[in-house]
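Hello,

Here is the structure I said I would pass on. My notes on the chain contacts follow it.

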Amino acid sequence: MLFTIFAALTIAGAVAAISLRNLVHSVLSLILAFAGLAAVYLLLGAQFIGFAQILVYVGAVAILIVFTILLTRNDGTFGTSSQASWNLGALIVIAVFGTLAWTIHSSAALQHALPPQPEATMQQIGTALMVRFALPLEVIGLLLTAALIGAATIALHEKQERP
Amino acid sequence: MTALAYNSLHHASPQAADQIFLIVQHWIVSHAPAGLQSLLAILLSVVAIVGGFGLLFAITTILERKGLGRIQNRYGPNRVGFFGSLQPIADAIKSLTKEDIVPQTADKLVHLLAPILLVLAAFSVYAVLPVGRNMVLVNLDAGVLFFFAIGSVTEVAVFMAGWSSRNKYSLLGAMRAIAQMISYEVPLILSSLTVIMATGSLSTVTIVEKQAGFSRILPHWFLFTPWGFAGFVLFMIAATAESNRSPFDLPEGESEIIAGYYIEYSGFKFALFFLGEYLGMFAISGLAITLFLGGWNAPLPFLTWVPSYLWFFAKLLTLIVAFIWVRGTLPRLRMDQLMNFAWKFMLPMALLNLITAAVWHFMPSGPVRWLVSIVLVVVPYTLLGRNQMHKSHLEKRVYRFAE
Amino acid sequence: MTPLSSCLMLSALLFSVGFAGVLMRRNAILILIGIELMLNAANLNFIAFWRYGSAPEALTGVMFVIFSIGVAAAEAAVGLALIISIYRHRKTTQIDRINSMRG
């Protein structure tokens, strides 16, 4: 029951995000979709992921997109592609969704419900991150630092020194 | 359960005084039909939180206006009630009866949703704050993470308010507020990580429990360790910035951008913003108390008979008074000073503080550990502070007038 | 439907919506939003399989999502920086107008 509500919220937010004319409205609906998904994670017993989702996506990624929108001027055009490529796009999307849905529906492995895994406690997640997944964690840290420096370098004003 | 509650009510022992709210809650819930009991229990807790902190908000507004008045050598409000003590009620009636003005070009829906989202986010973080022994709405396994996650929703509300008003000042204020909140969220989270490292838990209840007990007269609060002291100071500075209070009140600097992101709000919606801002301040002070000041634990061994929630609120009021004092005595920072301070002083200090906490954890207890930790805190502080001082040229200011 | 397959259906729907955003809109920021939605759909799959799957190795799903969120944050930062940089040169974020490399 709750799952249905949050799933509907997520999908509604996502659909609004890609179809609204105003970019800021798009981002606000995207935030709704992210929040709905976080609630789904909480329902699935992934507390850490749910809160991390809100912290990272709502608190950081969405705000970053908002900053970009305000730093670029968006002429009020709707910004869809031409009619022919729009039709083609719609066709491809429907085909992809059809394939995914058919696969899920006909998969034999999904027919009988398994008992859910126990919830992961913070202790377990922390231990796993620090012991077994220590190297990936370091790599992610390096990647984030590199991305931070790279993003700052790319977005920085280029010097106006032309000969 | 009820019999037990009645029993402990009859013998008015310190335990009964400590758990009085829980006993009352059990008593009310036990009269409800069985199906509704758990719902009613949650509802009662929510009502208690909203009522209690709403009352604290009213007290703080009068305290702040009186306190600022005293600092600025004037009276402050003194017309309504005894020495102006009923001023909050007058303010509430005023804000409820004022006309609600929405700009014609404003984005009506977003304009309406922004204050609601802000207040909702501000209230939901109280769910994980333990205000007394056994007095927490939900003991989440990831409580501190929940606090920061919901706290980051505030940024979205601020942006919604600033953008939907269609006013350049409100947009500027919102951008300033978001930039400041994001910058100071980093040292805020990093400085609280030290406590999480020390306790090995993200649950606020466990963190408070780990700070119970005394060695002779000194309580086991994290404030009384070198890294805890540094962490507390960093946390409170970042918290001041996070709640947009002076000296970090650039987002609403009245003399530059009038009132920042809530210029275009009036009447009840403005009151909601006001409420949300103060609730945010209380919540973050409450987290500071939970993390560093021992939560609801008594400060001295012979005072443990005082009910735990009184200690929490005493500490909270102390921090609020400190906030008011800082507001009354410090001038506002410039934008570049604000950012430099966040990234060049707060961030390195918070990172070094993590190392200090780790060193403290792994060294055997004794005076050597204290010495090493203090050196690890004081030396970077001096060096970084001196570096910052050298950058700012303290010379006679030359004024240039606009041509 | 079993809980697992309803989660997977939600994920498939979310992925398709994001994919539609990438294919059918021409604004660079909206395309980035579509990519974020697709990444989120993938994360949901990991969590669903961790919770309801018969994985002997517990927690791998959660770990994968933690790293995936980290990568997504880096991707968003760099992508948006690129959009700002392109905007500074071309004064547009409509990607079909950024076609000077066309042969």
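Between which chains are the most contacts found? Of the 2 pairs of chains that touch, chains A and C have the most contacts. Please keep in mind that this is a predicted model.

Chains B and C do not touch, and their nearest C-alpha atoms lie 14 Å apart.

The rest of my notes concern chain B against chain A. The size of an interface is often given as the accessible area lost when the parts come together. For chain B and chain A, the buried area is about 2,000 Å², and carbon and sulfur atoms give 81% of that area. Three residues, B:Leu145, B:Phe159 and B:Trp163, supply 25% of the area that chain B buries against chain A, more than any other three residues. In terms of residues, the contact takes 23 from chain B and 20 from chain A.

Which helices of chain B supply at least two residues each to the side that touches chain A? They are α7 (143–164) and α8 (168–199). The most comes from α7(B), with 11 residues. By residue type, the side of chain B that touches chain A divides into 18 nonpolar, 2 polar and 3 charged residues.

Regards

Definitions and conventions:
Residues are numbered from 1 along each chain as its sequence is written. Chains are lettered from A and ligands numbered from 1 in the order in which they are written. This is a predicted model: local features need pLDDT of at least 70, side-chain atom pairs count only at pLDDT 80 or more; totals for chains, interfaces and linings use all residues. Side-chain values use heavy atoms; hydrogens and water are left out. Contact means heavy atoms within 4.5 Å. Buried area is the accessible area (1.4 Å probe) that two parts lose on being put together, summed over both. Helices (H or I, at least four residues) and strands (E, at least two) are DSSP runs, numbered from the N terminus. Ala, Val, Leu, Ile, Met, Phe, Trp, Tyr, Cys and Pro count as nonpolar, Asp, Glu, Lys and Arg as charged, and the others, Gly among them, as polar.
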